Amino acid sequence: MNVTVIRAGFLTTVQDLGRTGHRQFGVSSGGALDLHAMRIANLLVGNDETAAGLEITQRDVRLRFEDERIISWCGGVYKASVALRSIPAGHSTLVSAGDELSISGPQQGCRGWLAISGGIAVVPVLGSRSTDLRGNFGGLGGRALRDGDIVPLGKNSERTNVWIDNLRAERIAQWSAPQPWSQTATANPVLRVVRGAEWNGFNDVTLQRFASEAFAVSPDSDRMGVRLAGPELRRTDDVAEPGEAGQLFQERLRATSSELNRKSWTTQPIEPIGCPSGGKRLDLVSEAVAPGTIQVPPSGMPILLLGDCQTIGGYPKIAQVITVDLSVAAQLCAGDHVRFSEVSIADAHGLLLQRERELERFRIGLSLHDS
Amino acid sequence: MQITALGDSALIVRLRDRFEDAPDETLNEILRTFRRLQEAAIPGVIELAPAYTTVAVFFDPLRMINDGAKPDGVIELLVQRIGEVLAGGRRRHKRGATHTAEIPVCYDLEFAMDLKRVAHHAQISPSEVVDLHRGAEYRVNCIGFTPGFPYLTGLPDKLATPRHTVPRKEIPAGSVAIGGAQAGIYPQKSPGGWNVIGRTPLRLFDPQRDPPALLQTGDQMRFRKITREEFESLNG
């Protein structure tokens, strides 16, 4: 069975928990930009956490179902409805053959993750069903969904079938995911970071500003990374004139932020330097980067990398957003302001462990609905 | 050796500060380290990523804690394990029979948008550029930028050409290019700022292949000049 895409929206892609083991070949980890939200949405429809769902970016999406499915969504502040009945985030919802789901907004944040019971049944490529937009593989033909696409679904699990029977009357389940997991967008978030490898290479004023001032999110952001504008971040050994590039960036930001021109929502990836020759002051030998890395190009305006980021980069890394806060980072959109606050790696691991324990309790709670 | 954190789920093992002083030696050291860590299969380590002077070690902190690591001591434990693996007896790694891959390139101007620019910069003729380019031996230092994109050393000094200050919006798949002192090949259609001097009909990256990248870090290779007709027949 399938689901038909009536309106594909701005950028809707098939995503699961991403790829591992292929960075050495230059393949990004990819996957849902909020892996935790994708896991939660999957659990709410009776799927395995690793099942593939849809990542919705920005604008409106409309889908039509051919058979009975349980669906659930998490992410930004969207309005979702089936047959005029509104479906709150983080709730298991029964849909029937012919039902149309419409997701509109968002009022806050910029992405949502939709799980459909049975999962999106595209063929895994390099161990994942995620769409790799730069490599043009995975997902549905290695590309974003288009109007009219027919997306194949897998079979409902036994658990889902039990839930379907139980939900025939109420349609929308009483149970739900904790709100901080299903509604992740916040107006002016503070992202927790650990120090990056080149932290000590930045001058004191820069480090102070990085930890205290707000950075504006540029419209020039996508699944690879979020471009930020704010106080220029300068390295100790950087004697360049206060950056022209930075000023240009600010001007461009001012020019576009008034209308939130979403058409320009794409960054131009540039080859990392690789190995600089002649020892230019600001070029580092390229090395691994990862989702969460905050790198600082010569303009002094940082870029926060997300799931589709390149595997290597040559810009100095001032800090790295901790894993549990990547959910919030995935919702940053033009006009938002973000701040950073430093924690230790042990704290980051503690927070991750705490979330995983809460997730385990959530799983147990869901299993109570199996009969 | 120096180990730094790349966030809460990866470490970067830095073996040297500089690459260009001794590229071959550095690359061999990186490959040795990469293979050793791969064979050691440290519990909780999920993947390794070599690049020039470093090997990145990606790990799952939750799995390490599950396996008995103290929640506030994951990094210390992993650093210790990596240290033990790399300090262990210097076992001889046979360097797999080094074969030299041959990449066919059509240098026709239709594909070589920047051949004249490179020739002008080097103050030689385009055909001399081609002869220098195909006469050299290259080595893959790193794979990155896009899936399967090889960064190559071995480019004759004379051919070193600065990147375009304004990158092109689209460079065709298979484009063979020069960026500064490095050479490379674009596996996919992508934006890019390097000087394109030819095109290969080979697929540098195929996700259905195992391994998916035609060239891998450490490989040796050279370019072979082909005609437009050969390009078409190989492209089929």
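Two residues are taken to be in contact when heavy atoms lie within 4.5 Å. On that criterion, in this predicted model, the contact of the two chains takes 50 residues from chain A and 60 residues from chain B. The size of an interface is often given as the accessible area lost when the parts come together. Chain A and chain B bury about 4,300 Å² between them, and carbon and sulfur atoms account for 64% of that area. On the side of chain A, F25(A), E271(A) and H349(A) supply 17% of the area buried against chain B, more than any other three residues.

A further interface lies inside chain A. The domain assignment divides this chain into domain 1, covering 2–184, and domain 2, covering 190–351. Their contact draws on 26 residues of domain 1 and 22 residues of domain 2 of chain A. Between them, the two domains of chain A bury about 1,900 Å², of which 52% is on carbon and sulfur atoms.

In chain B, attention may turn to a pair of helices. Helix α1 of chain B spans residues 23–40 and helix α3 of chain B spans residues 74–87; the two pack at an angle of about 115°, with their axes 10 Å apart. Because angles of 65 to 115 degrees count as roughly perpendicular, α1(B) is described as roughly perpendicular to α3(B). The crossing of these two helices, α1(B) and α3(B), is right-handed. From α1(B), the contact is made by T33(B), R36(B), L37(B) and A40(B), while α3(B) contributes I82(B), V85(B) and L86(B). Sorted by class, the residues in the contact of α1(B) with α3(B) comprise 5 nonpolar, 1 polar and 1 charged.

How values were computed: Residues are numbered from 1 along each chain as its sequence is written. Chains are lettered from A and ligands numbered from 1 in the order in which they are written. This is a predicted model: local features need pLDDT of at least 70, side-chain atom pairs count only at pLDDT 80 or more; totals for chains, interfaces and linings use all residues. Side-chain values use heavy atoms; hydrogens and water are left out. Axes are lines fitted to C-alpha atoms, for helices over the stretch in contact, and angles run from 0 to 180 degrees between N-to-C directions. Helices (H or I, at least four residues) and strands (E, at least two) are DSSP runs, numbered from the N terminus. Angles under 35 degrees count as roughly parallel, over 145 as roughly antiparallel, 65 to 115 as roughly perpendicular and the rest as oblique. A crossing is left-handed if the near helix is turned anticlockwise from the far one by less than a right angle, and right-handed if clockwise. Ala, Val, Leu, Ile, Met, Phe, Trp, Tyr, Cys and Pro count as nonpolar, Asp, Glu, Lys and Arg as charged, and the others, Gly among them, as polar. Domain bounds come from an automatic or database domain assignment. Buried area is the accessible area (1.4 Å probe) that two parts lose on being put together, summed over both.
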